Amino acid sequence: MANTLTSLVPDLFEALDVVSRELVGFIPSVTLDASADRAALNQVVRSFVAPAAAAEDISPGQLPPDDGDQTIGNNQIVITKARTVPFRWTGEEQKGVNSGPGYNNIRTNQIAQAFRTLTNEIDSFVGGLAVSASRAYGTAGTTPFASDLSDPANMRQILADNGAPLSDMQLVINTTAGTKMRSLAQLTKANEAGTTELRAQGTLLQLDGFNIRESAGVNTVTAGTGANYVTNGALAKGATTIPVQTGTGTILAGNFITFAGDTNKYLVTTALTGGNVVIAAPGLRTAINSGTAVTVGGSFTANLAFARAALVLATRAPALPVEGDMADDRMMLTDPRSGLAFEVAMYKQYRRVRYEISIAYGASNIKPEHSAILLG
């Protein structure tokens, strides 16, 4: 019985090269906490966090110093999704296609399509974390890279000002922004780009410390209807709870707001309720006077810049009873496109066989101040 699914592996990987696949730029950009352990829906899994290291002077002596202890922290990620893609065949259906394309060929492509469906879903889920970012840059409704390559530099400034580590920065954009970037003369001319990689291979480059990838999972955010709001009281630098008054309409979580006299665009984490709106850490970049006009930004495409450690994706095999279930065979298969591991299970039924491709996952922006949106 164990060879039933094992024999599929060579055909499956061949099929993965044939089945259409969308770009999944978020998954390889985030911190991936993958495990063969099973997890239940809404279960909390913990991802370790190494603390910042401290340096000290070297002091020669007979014995080494009695120090070096560190406290290893953890971040809690909730498994919020347990998803599966099923398909099944009867014996009659198998016989019917064997005189044409063949049951084995169709089945392997069905599994590849299941990988595609779940991978796209997960990538878009991670892209949705953009609404918890700290600030935004650019013009809502306008594609980045319209005329030059200054956008990554401005995103870098936001992350640097927020104290983010600048050694492993990621920028995930949609294909519209990617096309704009590819068309810039600075990148298509080898003497200005310093390489022929983009021109010859269409590969997005590293710019201003960012690894830039494209994704079909970049989300769009619809603006609220809020208008004519002003601040209700003076606000200190670093404030995150913003009292407002006099206006009308909604200010939604994921929207961005601006204040008269302050060029920063702040992301809203908690929608306007009870006269207060909450913005993401690290809060206001400057003090704001009482009665300052508050403007709700327009709808936008949420291209996302972040330090890799800020976003964590946890994946697990879905939970099973201790006694097991009715599956006749199951195995874990890794999708080479995304690097995610999926469980493939086969259930033999009465004159019918059913397949399931499954994964459980959750994701979190554990450090909002180390992420920012590049508006599109």
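Trainee: What is the volume of the second largest pocket?

Mentor: The second largest pocket has about 200 Å³, where volume means the space filled by probe spheres set on grid points joined across faces, edges and corners. The model is predicted, so local features need pLDDT of at least 70 and side-chain atom pairs 80 or more, while totals for chains, interfaces and linings use all residues. Numbering starts from 1 along each chain as its sequence is written, and side-chain values use heavy atoms, without hydrogens and water.

Trainee: Why is this called a pocket?

Mentor: A pocket is an open set of points on a 1 Å grid over the protein atoms alone, where a 1.4 Å probe fits, with protein on both sides within 12 Å along at least five of seven lines; lining residues have an atom within 4 Å of a point. The lining here includes Arg 135, Tyr 137, Asp 161 and Lys 265.

Trainee: Which element supplies the largest share of that lining?

Mentor: That is α5, with four residues. β5 (135–137), α5 (150–161) and β13 (262–273) each give at least two.

Trainee: What makes β14 alternate?

Mentor: In β14 (residues 276–279), Val 277 and Ile 279 point to one face and are buried, that is, under 20% relative accessible area (1.4 Å probe, protein chains only).

Technical notes: Buried means under 20% relative accessible area, exposed over 50%, partly exposed in between (1.4 Å probe, protein chains only).
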